[in-house]
Every structure is written in C-alpha cells, then in structure tokens.
Amino acid sequence: MEGKKLAIIGASYLQEPLIVRAKELGIETHVFAWDNGASASAKADFFYPISIINKDEIFEECQKIGIDGITSVASDVAVETVNYIAELMRLTGNSNECSIKSRDKFEMRKALSSVGLNAIKYQILDSLDDSIELDFPFMVKAVDRSGSRGVTLVNNFSEFEDAYAEAYEVSFAKKVLIEEYFEGRQFSLEAITENGEHYLVAVTAEYFTGPPNFVELGSFIPASLSNEQIDLLNDNVFKALDAVGLREGASHTEIRLNDEGDVQIIEVGARMGGDFRDMMVLHSTGYDFLENVIRNSFNLNIQKPKQIHNNKRVSLVRYCTRSADYRIIEEIEKNLDLIYKDLKFDNKNFEAHSSDERKGFILAKGNIDLQLMQGFFQ
C-alpha cells in the first residue's frame, strides 16, 4: 500500500487513529473537513478545509489528486460523501441507497422490517401536531444523528414535548422518529465486509446511563456471552447488513438481547464504531481493524478476522459521565494495564446528558474476571 493516496473524510479526533495508521503504512493522506474543530488535521500529509457535506467540491479535489481510495471511520455524516465519491471515481464503496438506509433511522427501520427483523413499532413525525400511534413509554430520536444526540425515553406527553423539541433541533432533516422501547442488554457487533461477505470482528458489551438520555458509560471486549448467544446476534446482524445494502467496509451494529432470548436491532452503522473501537479490537483480538478498512478502500484483499468465541483478552473504555465515575476510573487503573487516559477533573458535581458532555475516559486492557469487569459499569 506504500505510496498510495487515501482520501479521508473528516478531521475530528475520531479520524486521527485512521490518519496515523495510514501514514504508518506509507500511505499519502488527503484529509477533508471544515477547519473549525479539525483537531486531526495536523496529522495529515495534506489538509483541505472543505466541509464534509460539500460532496462535489471534495470530488473535484479528489480527481485532481488522483486518489486510490476513500474512507472514514466513526462518522455517519461522512458515509454519504465517501460513497458518493467512491461511486463517481469507481473506487470501493457502498451505494447511495446504503448511505441513506444506514444513516436515516426511519429508512433503516423500514429496511429491517422488510426482512422480518423489526419487531418494534415505530413512527416518523414531521410535526409536534402529528397524531401519536404508540403507547407510552417510547423512545424519541433525531432521525439522522448519533452519539445520544436527541435521544430520550419519555413516559408521558409532557416529557414527549420536551424530547421532541430537542430531537427536532439537532436533526439535520428536522424529522423525529419515535419507537417502542425494547428492554435488554445492549451489545455492538463490529464487522468488516468484502464483496458482500460479512466477517465478525468482535462483540462489544455496551453500558449506558439510565433513562431518559442513555449516555454511553463505556464498553468492553469481549462481551460475556455464550457461543450460542454470539451466533444468534451474529445471524441477526448479518441479515441487517444485507437489508441496508452494505457490501464493503466496516460496520458497527447496536443490538439488544433480553432474558427471553429475543433480539432487536437498535441501529446499523455503515462504518467503524467510534469510542476507540479500533484500539479495543486490536488489544483484545489482535486484529488490525484500521489497516483492513484501508485495504478494503484500495480494493485489496482484507485479512480475515479469526474465530472470536474463545477470546480471553479484555479491553475496555470507561467514560466519566458523572462525579462518582472518577472513583471507578481509579479502580480500573489499579486492576488493568493503562493504554491511555484523558481526564478533565472537575470538583463540581455534574452529570452528562449527551456524549459531548462527558469529562474524559480511560482506555485499558488486561486479563480480568468478567464479573469484576461488569462492576466497572455500574
């Protein structure tokens, strides 16, 4: 791959590991993003201060550069631009239909329903005056955002009005989705796809604050599941990936499993998950997720992930979402090997209501009893 030119859409901290890994592989990096907040731009060989939604302007630059591949990680907004340019330049990517179905939660729900994977009721709202067909409690979501933005569980109409206003405000399309709340443990399945063939990379146990906002506390790999449970989740997720039309690249699918063994797809992301999934996968499984995302973008054969069912190495990320979490992070550091820590200590009492309000994290690895691991997410 040395000497190839890779376009990367986005320059936030989420893209920095991708940029760094590409450069380690001898690849020339061309990074596109609006200058404001482009913290990873300094890592790029070439940076272009163009908003990631300006697809045609980025396409013109990519033509001049003569890129060999284009990709992004952990950004739903970037997916549409990646696939748009990949199609125009006949590079590896997914269809525009896939971009829409994996970003628009309403279109995603319809795609899942079409293959029998959607057991919950849902409804799109264009206005607060629209008639509500669901019974309380239900989830309110901005139809096209991620990272817990505009996501609230509501129990009555008063709560719904406030939640709707918040979701509507952050939605790009100014549309709000409501859907039944499905109780159960939440996991994400990290996968990579090549020529329509899906390969499971890891199963992540995800933990969230309680209602109404469900901010992610953190996650760990491997999730404490039986082989039969992993196979069940895997079967549902691969069907979901087919339903949204994913044929190339990384994916991050959130799914819930209840005590009765019922499963429900929460969301399908046609890109690698954020929140340090690349590093967690690498330390837990040894699989270089970033390198293989890059290989796929260049239409080079990916390295197939190994069987994950008996993996014993643990990696975790734990966020600081409230004042009490500082103590938990200290306990993690005592029991596991530190990979990285970025903590914004604050003497004041606080509680995060979205991912953007969290005050740092710890990323760690080691061999530890999974029951003790779960205690870090209380």
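## Cores, a helix and some cysteines

C62 is buried, with a relative accessible area of 0%; buried means under 20% relative accessible area, exposed over 50% and partly exposed in between, using a 1.4 Å probe and protein chains only. Keep in mind that this is a predicted model, where local features need pLDDT of at least 70, side-chain atom pairs count only at pLDDT 80 or more, and totals for chains, interfaces and linings use all residues. Residues are numbered from 1 along each chain as its sequence is written, and side-chain values use heavy atoms, with hydrogens and water left out.

How about the cysteines? There are 0 disulfides here (pairs of cysteine sulfur atoms within 2.5 Å). For C62, that's because the closest cysteine sulfur, in C98, is 19 Å from its own, too far for a bond.

| Cysteine | Relative accessible area |
|---|---|
| C62 | 0% |
| C320 | 0% |

Now for the cores. A nonpolar core is a set of buried Ala, Val, Leu, Ile, Met, Phe, Trp, Tyr and Cys residues joined through side-chain atoms within 4.5 Å. The largest one has 51 residues, and I9, F32, I70, F289 and I294 have the most contacts inside it. Leaving aside residues up to four places away in sequence, F32 touches C62, I9 and Y48, among others; contact means heavy atoms within 4.5 Å.

Next comes helix α3, residues 76-88, whose buried residues include V79, V82 and I85. Helices (H or I, at least four residues) and strands (E, at least two) are DSSP runs, numbered from the N terminus. The buried residues of α3 pack against β1, α2, β4, α4 and β13. After α3 comes R90, with a positive phi near 55 degrees.
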